[in-house]
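Let's take a friendly walk through this model. Have the sequence and the 3D view open as you read.

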Amino acid sequence: MTLNNIYNSQYIAEIATILSLINMFILFVLWTVKTLCYPKVIVLKKGDTRHINEFIDLYTDTIDPDYRIPSDLITIYLDQSVGQSRNLVDMIYVCTYKNTVCGYLKIVYSNDYKILFIPYMGIDRYEQKARNKAVTLMLNKLTKVIEKRFIDCNSVVFEIEKPKHLDTKNIVSQKIARIRHFTKLSKKLDRFLYKIDIDYIQPSMPTETEDEHPEEKCLLMYIPLKTSTKMNHLNKKEVMQVISFLYKKVYQFQKELASHDVDIYCKYIDKLINKYEKNLHQKVNLIEFIK
Ligand SMILES: CC(C)(COP(=O)(O)OP(=O)(O)OC[C@H]1O[C@@H](n2cnc3c(N)ncnc32)[C@H](O)[C@@H]1OP(=O)(O)O)[C@@H](O)C(=O)NCCC(=O)NCCS
């Protein structure tokens with residue numbers, strides 16, 4: 001090998017090192033820009049203290065105390081074994097922007113009932129990027145999770161408080177916004193969104209007495225997943241499944257986690273279930289929501 005050749009190969013090696021450093025630098029810049037400038041959705045995990053604390057702050061800020069379970073009870077499920085004892089998958093998705101939580105979406109899936117419930121969804125109204133993107137990103141994520149992980153899921157359900165006389169303009173817009181977002185979810189899933197036509201009652205919160213938080217009249221919303229054909233009704237048995245899932249697996253279970261004094265609450269839940277059992281017709285109408 002001539003001296004010239006040796007110099008040349010050294011030169012090439014140096015150039016290659018410089019190019020790979022530049023490459024790494026560009027990748028690092030792109031990664032930083034992506035992390036800082038684009039919102040992303042992650043599952044909240046036990047031990048992720050920073051995001052858990054930010055989630056709790058946003059959750060307590062956005063949901064009226066009358067309608068939410070205390071934050072220690074909502075985060076108890078981050079330990080997946082809590083739900084597993086009841087064959088439930090309980091997860092909280094958060095949307096982060098600049099690595100800060102700006103939105104959340106909580107789901108509960110029952111492996112027994114094959115029903116997915118969405119109890120809470122909220123965004124940081126002061127973070128413009130969140131206002132524009134967070135809900136859409138979280139619902140996109142949920143769509144993928146339903147299609148890939150909960151393939152046996154029969155239906156998605158959620159509650160919306162009924163409009164009231166004293167609702168402020170803002171509360172009305174929030175209720176409409178929720179319906180709009182869930183209509184979008186049903187479209188993404190290529191399914192219809194219905195209201196189950198019953199006088200649905202959201203039980204008093206498991207951590208409060210009936211007097212502290214009287215039961216709330218809600219719209220019980222329903223997206224059937226097993227058919228994309230338009231439906232007119234559900235059988236009473238199917239409606240009772242949805243109600244039992246919500247009352248027993250969600251509300252009553254929360255009560256059991258919150259206190260040892262569950263007897264009165266269990267009786268109260270049984271009383272509500274019996275009322276439906278007694279009053280529902282064999283066929284219950286489904287009211288389609290405008291797409
Ligand atoms: C439901 C929600 C995610 C929809 O937000 P959105 O996609 O921004 O909807 P819109 O842009 O149509 O806004 C609807 C209204 O909600 C208001 N809003 C948005 N985020 C809000 C928040 N975190 N707290 C209070 N009001 C909020 C908006 O200001 C708007 O009111 P306006 O029409 O008087 O200006 C949002 O309203 C929210 O986070 N609400 C608080 C949590 C909540 O109540 N969730 C439902 C029960 S689980």
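## Ground rules

A residue is called buried here if 20 or more other C-beta atoms lie within 10 Å of its own, and exposed if 12 or fewer do. Please keep in mind that the model is predicted.

## Overall layout

The protein is split into domain 1, residues 1-37, and domain 2, residues 39-288. Taken over C-alpha atoms, the centres of domain 1 and domain 2 are 51 Å apart.

## Helix H6 and its two sides

Helix H6 covers residues 169-188, which makes 20 residues. From first to last C-alpha, H6 reaches 29 Å, close to the 28 Å expected at 1.5 Å a residue. Its buried residues are Phe182, Leu185 and Ser186. Seen down the axis of H6, the buried residues fall within an arc of 100°, so they line one face of the helix.

What do the buried residues of H6 pack against? Their partners are helix H5 (128-148), strand S5 (155-161) and strand S8 (216-224). The face turned away from the buried side carries the exposed residues Lys169, Asn170, Val172, Ser173, Ile176 and Arg180. After H6 comes Asp190, with a positive phi near 60°.

## Around the ligand

Which element gives the most to the shell around the ligand? That is H6, with six residues. Strand S4 (115-123), H5 and H6 each supply at least two residues of this shell.

There are 15 residues around the ligand, and those that come nearest are Gly122, Arg125, Ser173, Gln174 and Ala177. Ser173 is also among the exposed residues on the face of H6 turned away from its buried side. Sorted by class, the shell has six nonpolar, five polar and four charged residues.

## Two residues to look up

Val94 sits in strand S2, residues 88-97. Is Val94 buried or exposed? Val94 counts as buried because it has 25 C-beta neighbours inside 10 Å. Leaving aside neighbours within four places in sequence, Val94 is in contact with Ile42, Leu44, His51, Phe55, Val101, Gly103 and Tyr104. Along the chain, Val94 and Leu137 are 43 residues apart, while their C-alpha atoms are separated by 9.9 Å.

Now turn to Asp61, which lies in helix H2, residues 49-62. Asp61 has 11 C-beta neighbours inside 10 Å and therefore counts as exposed. Asp61 and Gly47 are 14 residues apart in sequence and 22 Å apart in space, C-alpha to C-alpha.

Methods: Residues numbered from 1 in each chain as written. Predicted model: local features only at pLDDT ≥ 70, side-chain atom pairs only at ≥ 80, totals over all residues. Helix = DSSP H or I, 4+ residues; strand = E, 2+ residues; numbered from the N terminus. Domains from an automatic or database assignment. Expected span 1.5 Å × (residues − 1). Arc of directions from axis to C-beta. Contact = placed C-beta atoms within 7 Å. Near = placed C-beta within 6 Å. Nonpolar A, V, L, I, M, F, W, Y, C, P; charged D, E, K, R; others polar.
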